[in-house]
Amino acid sequence: MSVPVTLGVDLGTSGVKAVALDATGRVLAEVTETYPLLTPRPGWTEQRPTDWLAGTRAALSAIAARLRELNATPLALGLSGQMHGLVPLDAHGEVLRPALLWNDQRTGAQVQAIEARLPRAELVARTGNRAVTGFQLPKILWMRDEEPELYARLRHALIPKDYLGYVLTGVLAAEPSDASGVGALNLARNDWDTDLLRELGVDPSLFPPLVRSLDVTGTLNADWAAQTGLPAGLPIVAGGGDNAAAGIALGLTSARPDVGSLSLGTSGVVFSPLTTPTPDSEGRVHLFAHADGGYHLLGVTLSAAGSLEWLHGRLAPDVPLPTLLDEALAVPPGADGVTFLPYLSGERSPLMNPQARAAFTGLSLAHGRGHLVRAVLEGSVAALADAYAVMAPIAPLGSLLSTGGGARSEMWLGLASGALGLPVHPTTARPGAAHGAAILAMPAAGLHPDLTAAIDATRPDALEAVPAIDMHAALSAYARTRDALYPT
């Protein structure tokens, strides 16, 4: 008898991941394809959507072949992906230029222009967020200012995963969890804020119609079916932004607002579910719609594991990463006075400063490689503690589930627990956004009657909390260094 499955595709920054899950959340197949990141100028990050499509085609072809071997039948496919990016299309649906990504920092002037026309307090009250360089709306204004000939041809502004959905189905659609990262979604109305857009001189018709995260937007077209071996007419589900989809995979919903997540990926993220859209009045952390129909707060440091990857690549590329972590473990708390600010790509929460830059302080001749590594680990979680300090009065958490590549390090999780003052629980599995996208597709596939049932059936078990590691000295030194370099 054939096994029914759903597929999830996560269009990430370093690559695309595709998974196939059965109704219990068991992974039957999993494939990752990488593609390049373009940095044409300092502070600019771009990718070619053609690279996304080539990677997705290869990943889905491999998944389809594996499912045939397993006698498994895909019933629906859900989408997820990196948030905030701009994929600009002309009237024929052709891409006008490489996509501008979530960590692109070129739009400082446009952010200032937005807040000159709309007071920050009003913007936060309407959209849940202040204007942010990484969001999509400032990118559109940048195109208008810097590439007027291309902007004149712009007819559709899509988020990366929604562009993939358009290519797969021919249907333009967006859903709230990703759309709320554009900077133009009115959270109270759950619709595009046409008054805001018209105040900025942006045509609201650039943005696609909104559907629920669980909705089928269309079906897989014949060309993609032939190229991948998946069935033509396969339902494609709107899905969610990567953080929302990863939250679904971990079972994070507004029904359990005391359980959040800690992600130690390229960026570091603290995720806190909310039942009502309650922003930080200063917009120091993000408020987004959640894929479950509720909301969530998000505290983001842009370079968590990214900082460790940078240090590894520049300092000791031939040394295995576990060796570096062992060296850091041998260094006492506070790294003997070495402090690291992890602002390699600017910083989000709570500084919201694209010009912020990373720094080591306190170095002496007595310090070695292990001190630098430990300082990077401590600095990344100190930055997350800064963000959670803003979130806690609005959405206090009782515990965190860990995810991301950094979750493999018990030491790093222990440092995070000490910094945030919360128990951090690893899980029996480390599901990510692709898994969440597949779970979001389960109701449409008929595997479960609704999303609550799908989450209950697939939620990974939480393991015992990791032992917290003292961060008192590191937090104090971090705060002094941050305030000295970036006073508020």
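**View 1. Asn 190 in the loop between β9 and β10.** Asn 190 is found in the loop that links β9 (185-186) to β10 (191-192). In this predicted model, the phi of Asn 190 is near 55°, a positive value in a residue other than glycine. Most residues other than glycine have a negative phi, and most peptide bonds are trans. Asn 190 has a relative accessibility of 37% and therefore counts as partly exposed, the range between 20% and 50%.

**View 2. The loop between β17 and β18, with Pro 350 and Met 352.** Pro 350 has its place in the loop between β17 (339-341) and β18 (359-361). The peptide bond from Ser 349 to Pro 350 is cis, and its omega is near -15°. Met 352 is found in the loop between β17 and β18. Its phi is near 50°, positive in a residue other than glycine. Met 352 counts as buried because its relative accessibility is 13%, and buried means under 20%.

**View 3. The open sheet β3-β2-β1-β5-β12-β11.** Six strands form this open sheet, and their pairing is mixed. β3 (27-34) and β11 (216-219) stand at the edges; each has a single partner strand, so one side of each is left without a neighbour in the sheet. On average, neighbouring strands of this sheet are turned by 25° against each other, direction ignored. Within the sheet, strand β1 (residues 3-11) pairs with strand β5 (residues 72-81) in the parallel sense, over nine bridges. Val 3 stands opposite Ala 72 in β5.

**View 4. Helix α1 against the sheet and against α6.** Helix α1 lies across β1, β2 (15-21), β3 and β5, and runs at about 155° to β3. The axes of α1 (residues 49-70) and α6 (residues 160-169) come within 11 Å and cross at roughly 65°. The crossing of α1 past α6 is right-handed. From α1, Pro 49, Trp 52, Leu 53 and Thr 56 meet Pro 160, Tyr 163, Leu 164 and Val 167 of α6. The residues of this contact comprise seven nonpolar, one polar and no charged.

**View 5. The open sheet β15-β16-β14-β13-β19-β20.** Six strands make up this open sheet, with mixed pairing. Its edge strands are β15 and β20 (424-425), each of which pairs on one side only. Helix α14 (residues 410-420) lies across β13 (259-264), β14 (268-274), β19 (399-403) and β20, running at about 130° to β13.

View 6. Strands β15 (residues 286-289) and β16 (residues 295-301) run antiparallel and are joined by four bridges. His 286 has Leu 298 in β16 as its bridge partner, and Ala 289 stands opposite Tyr 295 in β16. Five residues lie between the two strands of the hairpin, and Gly 293 in the turn has a positive phi of about 100°. Both faces of β15 are covered: His 286 and Phe 288 on one side, and Leu 287 and Ala 289 on the other, are all buried.

View 7. Neighbours within four places in sequence aside, Val 202 is in contact with Leu 137, Ile 140, Leu 141, Arg 144, Leu 197 and Phe 207.

Terms used:
Residues numbered from 1 in each chain as written. Predicted model: local features only at pLDDT ≥ 70, side-chain atom pairs only at ≥ 80, totals over all residues. Heavy atoms only, no water. Axes fitted to C-alpha atoms, helices over the stretch in contact; angles between N-to-C directions. Left-handed = near helix turned anticlockwise from the far one by under 90°. Contact = heavy atoms within 4.5 Å. Nonpolar A, V, L, I, M, F, W, Y, C, P; charged D, E, K, R; others polar. Buried < 20%, exposed > 50% of the residue type's maximum accessible area, 1.4 Å probe, protein only. Pairing = 2+ DSSP bridges.
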